[in-house]
Amino acid sequence: RKGADFIVSLAFKVMSTDCEYIFDISAEKAAYILTDYFRKKLKELAKTENLAPESYSCTISFICQQKKTGRVMSFILGDSNIYAVKGKKIDCLTGSREFFGRCCSIMTDGAAGQSKVMFMDRNTYSGFLITSDGAWRIIFGNKEKRFGYEDVLINENMKELSAFLDKESNTDDCSYAYLKILS
């Protein structure tokens with residue numbers, strides 16, 4: 001938990017201060033730079049607390065929008081997913097993860113090669129659902145339930161989605177966030 005809280009704060013700080021630079025480089029380079037920076041800072045935190053770096057292993061996904069141009073960036077590392085809504089269609093920005101096997105975290109060797117950054121125009125999608133692996137497995141993993149909850153997402157009925165997740169039994173975290181893109 002401490003590692004995840006630290007990375008979320010760090011990602012916010014980095015994107016708040018270095019957004020212009022990150023948006024001006026290639027997606028592949030951004031993924032490597034961000035992941036390496038997060039790894040370095042987690043290792044430093046672990047060292048100051050006399051812990052193994054793996055003690056703070058975590059995954060991270062986020063969406064940010066550049067104020068100046070309105071472009072949107074997604075960053076994903078680990079087994080969480082980001083789903084993007086466009087009209088009546090939902091795209092999984094991480095590719096198909098229904099049968100995702102290997103879990104990667106920030107502290108996994110080769111993590112930079114597993115992270116993914118996408119840049120897109122603000123009008124490409126109207127909103128994004130960021131889900132932990134527990135949440136996406138429940139929402140999209142069950143084929144019988146899947147199509148009903150795609151409609152819930154397309155119609156941005158987050159109260160219904162939240163009620164559904166609250167009723168599901170799951171040993172994993174079922175966290176999610178929905179971000180609406182404003183023009």
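This is a predicted model: local features need pLDDT of at least 70, side-chain atom pairs count only at pLDDT 80 or more; totals for chains, interfaces and linings use all residues.

Q: What sits between β3 and β4 in their hairpin?
A: Two residues lie between them, and Gly87 in that turn has a positive phi of about 60°.

Q: Which residue is the bridge partner of Ala84 in β6?
A: That partner is Phe128. Tyr83 has a bridge partner in β6 too, namely Leu129. Strand β3 (residues 81-86) pairs with strand β6 (residues 127-131) in the antiparallel sense, over five bridges.

Q: In what order do the four strands of this open sheet come?
A: Read them as β4-β3-β6-β7, with antiparallel pairing. At the edges are β4 (89-92) and β7 (176-180), each of which pairs on one side only. Direction ignored, neighbouring strands here are turned by 20° against each other on average.

Q: How do I read side chains along a strand, and how many residues of β3 are buried?
A: In a regular strand, side chains alternate between the two faces of the sheet. As for burial, β3 is mostly covered, with five of its six residues buried.

Q: What about the open sheet of three strands: what is its order?
A: The order is β1-β2-β5, again with antiparallel pairing. Its edge strands are β1 (60-65) and β5 (116-120), each pairing on one side only. Neighbouring strands in this sheet are turned by 10° against each other on average, direction ignored.

Q: Over how many bridges do β2 and β5 pair?
A: Strand β2 (residues 72-77) and β5 pair over five bridges, in the antiparallel sense. For one example, look at Val72, which stands opposite Met120 in β5. Helix α1 (residues 2-17) packs on this sheet, where it touches β1 and β2, and its direction makes about 25° with that of β1.

Q: How should I think about two helices packed together?
A: Two packed helices are described by the angle between their axes and the distance between the axes.

Q: Which residues meet where α5 contacts α7?
A: From α5 you have Ala135, Ile138 and Ile139, and from α7 Leu161, Phe164 and Leu165. By type, the contact divides into six nonpolar residues, no polar and no charged.

Q: Why is α5 largely enclosed by the rest of the structure?
A: Seven of the nine residues of α5 (residues 133-141) are buried, so the helix is largely enclosed. The buried ones are Asp133, Gly134, Ala135, Trp136, Ile138, Ile139 and Phe140. Helix α5 also lies across β3 and β6, running at about 115° to β6. As for α7, that helix lies across β6 and β7, at about 170° to β7.

Q: What's the idea behind a nonpolar core?
A: In soluble globular proteins, nonpolar side chains tend to be buried together. The largest nonpolar core here has 29 residues, and Met15, Phe38, Phe62 and Met73 touch the most other members. Helix α3 gives the most to this core, with seven residues. Apart from it lies another core, of 18 residues, among them Ile138, Ile139, Met158 and Tyr178.

Q: Which residues is Phe62 in contact with, leaving aside neighbours within four places in sequence?
A: Its contacts include Ala11, Met15, Leu34, Phe38, Met73 and Ile130.

Q: Is Ile7 buried or exposed?
A: Ile7 is buried, with a relative accessible area of 0%. You'll find Ile7 in helix α1. The C-alpha atoms of Ile7 and Phe38 are separated by 6.8 Å, although these residues are 31 apart along the chain.

Q: And where does Thr59 lie?
A: Thr59 is in the loop between α3 and β1. At 30% relative accessibility, Thr59 counts as partly exposed.

Notes. Residues are numbered from 1 along each chain as its sequence is written. Side-chain values use heavy atoms; hydrogens and water are left out. Buried means under 20% relative accessible area, exposed over 50%, partly exposed in between (1.4 Å probe, protein chains only). Contact means heavy atoms within 4.5 Å. Ala, Val, Leu, Ile, Met, Phe, Trp, Tyr, Cys and Pro count as nonpolar, Asp, Glu, Lys and Arg as charged, and the others, Gly among them, as polar. Two strands pair if DSSP finds at least two bridges between them. Axes are lines fitted to C-alpha atoms, for helices over the stretch in contact, and angles run from 0 to 180 degrees between N-to-C directions. A nonpolar core is a set of buried Ala, Val, Leu, Ile, Met, Phe, Trp, Tyr and Cys residues joined through side-chain atoms within 4.5 Å.
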